[in-house]
Amino acid sequence: MSFREEEGDGRGGDLRKPFLQTGSWYRMGSRQSSMLGSAQTIKDSSVSVLACVLIVALGPIQFGFTSGYSSPTQTAITEDLNLTVSQFSIFGSLSNVGAMVGAIASGQIAEYIGRKGSLMIAAIPNIIGWLAISFAKDYSFLYMGRLLEGFGVGIISYVVPVYIAEIAPQNLRGALGSVNQLSVTIGIMLAYLLGLFVNWRVLAVLGILPCLILIPGLFFIPESPRWLAKMGMADEFEASLQVLRGFDTDISIEVNEIKRSVTSTSKRAAIRFADLKMRRYWLPLMIGNGLLVLQQLSGTNGVIFYSTTIFESAGISSSNAATFGVGAIQVIATAVSTWLVDKTGRRILLIVSSSGMSVSLLLVAVSFFVKGMVDEDSSWYGILGILSVVGVVCLIISFSLGMGPIPWLIMSEILPPKIKGLAGSGATLANWFCSWVITMTAPLLLAWSSGGTFTLYTVVCVLTVAFVGIWVPETKGKTLEEIQQSFR
């Protein structure tokens with residue numbers, strides 16, 4: 001009996017058909033028909049999971065490039081377009097506003113038209129946004145471009161980790177999932193690096209490249225097999241999974257696990273608000289949202305925003321080069337996390353990361369408090385400046401080892417399929433909203449008290465250690481279906 005026939009009675013009309021048949025972009029026939037007549041087609045078209053991840057990683061590179069763009073271009077844009085400081089600040093923050101809108105839509109878009117179709121939709125406003133910025137004559141085009149970029153980035157930030165989690169084998173899911181954040185840091189570093197050599201209009205044109213490569217790349221990778229199964233596309237589901245695991249691999253066990261999971265989900269009625277009181281819903285919701293909110297409330301974005309001033313206080317004259325150095329450190333530390341996550345597990349990296357961030361932020365806070373008590377001509381003043389730089393560098397390393405990549409990975413692993421679209425949108429929105437709050441309040445808090453600001457961030461990181469220790473489960477080595485079973 002085919003999967004579609006097995007599922008037909010259980011779905012009861014609850015299973016929706018996709019708005020766009022994006023799953024058919026990579027048509028190869030069912031596993032059974034491939035054995036009869038299309039074996040060579042699948043064999044010749046075999047695409048590794050790594051290749052799929054590298055293609056969709058262009059999305060997070062675009063995400064990082066958007067985040068890093070405003071730092072090296074602030075002076076040039078302000079002078080060329082006669083912007084005030086407040087107008088440029090609005091320009092910088094509008095990407096967060098656009099991302100919040102994109103986050104709201106991301107879950108439902110991904111559920112209706114698939115993961116690949118969602119990335120296609122996200123790429124188009126990004127391209128238009130970069131073109132608007134590159135040809136801007138006043139702040140209106142800058143603002144429009146930044147909003148469009150943010151909208152695309154909001155979709156990307158949800159869809160990419162979900163797609164990677166759904167296609168990756170369980171023993172590689174942590175490492176491949178961490179590629180998402182690694183790509184973000186690469187995008188940030190590229191913006192910093194290229195900003196040293198080209199003007200802001202050329203840099204905006206270069207920002208188009210990741211999405212220009214992503215769009216055709218999407219036609220050469222399979223759709224998420226779990227999404228295809230959920231949509232009732234039996235032939236495409238099995239063919240996609242076979243391609244991802246390799247033609248000679250026996251996928252029958254994984255196929256049956258996914259079938260059982262989809263059958264169980266599809267037979268239930270539409271979820272009601274009262275159902276959220278059930279452990280299998282409220283616990284993963286709390287963990288996913290909690291990690292993504294704490295990731296931002298730790299203040300890392302605010303610290304990076306203030307890093308130029310910290311470097312200047314330590315006597316480092318080239319702030320742009322120092323900023324690029326920060327970006328390079330992020331890439332290296334995130335790459336280490338990518339290597340470690342499937343060896344050590346998610347929980348231990350999160351605990352080590354948030355503990356390291358707590359100590360680093362405390363060092364920066366103490367440095368600022370003591371600096372306010374010593375004479376500027378004192379040798380201690382310079383030493384404290386160096387200590388604050390050490391604290392910032394250690395903070396970035398600690399963040400990149402765990403709290404940077406892993407919250408997105410865990411969110412994509414633990415959210416129940418029944419509510420993944422809506423819950424994922426909510427978690428992504430919460431993350432972007434907190435990012436906007438931190439970015440907007442950091443200058444005000446730092447003007448109030450630098451030491452006090454870093455103390456507040458330290459408290460959040462200490463709370464994060466407790467949150468992870470009490471609530472966050474270890475998901476290393478488990479299939480997505482096994483993770484869902486553990487919450488019941």
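Both tyrosine 69 and phenylalanine 91 are buried, where buried means under 20% relative accessible area, exposed means over 50%, and partly exposed lies in between (1.4 Å probe, protein chains only). The model is a predicted one, in which local features need pLDDT of at least 70 and side-chain atom pairs count only at pLDDT 80 or more, while totals for chains, interfaces and linings use all residues. Residues are numbered from 1 along each chain as its sequence is written, and side-chain values use heavy atoms, with hydrogens and water left out.

**Aromatic contacts**

The structure holds 10 aromatic pairs; rings of Phe, Tyr and Trp (its six-membered ring) pair if their centres lie within 6.5 Å, and planes under 30 degrees apart count as stacked, over 60 as edge-to-face and the rest as tilted. Among them, phenylalanine 63 and tryptophan 432 have ring centres 5.3 Å apart and planes at 40°, so this pair is tilted. The pair links distant parts of the chain, since phenylalanine 63 belongs to helix 4 (residues 58-80) and tryptophan 432 to helix 19 (residues 420-448), 369 residues apart. Helices here are DSSP runs (H or I, at least four residues), numbered from the N terminus. Phenylalanine 63 is buried at a relative accessible area of 12%, and tryptophan 432 also counts as buried, at 6%.

The rings of tyrosine 69 and phenylalanine 91 have their centres 6.5 Å apart and their planes at 70°, so they form an edge-to-face pair. This pair, too, links distant parts of the chain, with tyrosine 69 in helix 4 and phenylalanine 91 in helix 5 (residues 85-134), 22 residues apart. Tyr69 and Phe91 belong to one aromatic cluster together with Phe65, Phe88 and Trp130.

**Salt bridges**

The structure holds 12 salt bridges, each being a side-chain nitrogen of Lys or Arg within 4 Å of a carboxyl oxygen of Asp or Glu. The table gives some of them.

| Partners | N to O distance |
|---|---|
| arginine 115 and glutamate 111 | 3.1 Å |
| glutamate 238 and lysine 259 | 3.8 Å |
| arginine 346 and aspartate 342 | 2.9 Å |

Both arginine 346 and aspartate 342 are buried. Salt bridges that share partners join Glu111, Arg115, Glu166, Lys230 and Lys420 into one network. Within helix 5, arginine 115 and glutamate 111 are 4 residues apart, which means that about one helical turn separates them, and both of these residues are buried. Glutamate 238 and lysine 259 are likewise buried.

**A nonpolar surface patch**

Which residues form a nonpolar patch on the surface? Leu363, Trp380, Ile383, Ile386, Leu387 and Val390 do so, with about 510 Å² of accessible area together. Patches are made of residues with over 30% relative accessible area and no salt bridge, with like charges joined within 9 Å and nonpolar side chains (Val, Leu, Ile, Met, Phe, Trp, Tyr) within 5 Å. The largest share of this patch, 5 residues, comes from helix 17 (residues 379-403). Leucine 387 has its place in helix 17 and is partly exposed, with a relative accessible area of 32%.

Key. Helices (H or I, at least four residues) and strands (E, at least two) are DSSP runs, numbered from the N terminus. Accessible areas come from the Shrake-Rupley method with a 1.4 Å probe; for residues, only the protein chains shown count as cover.
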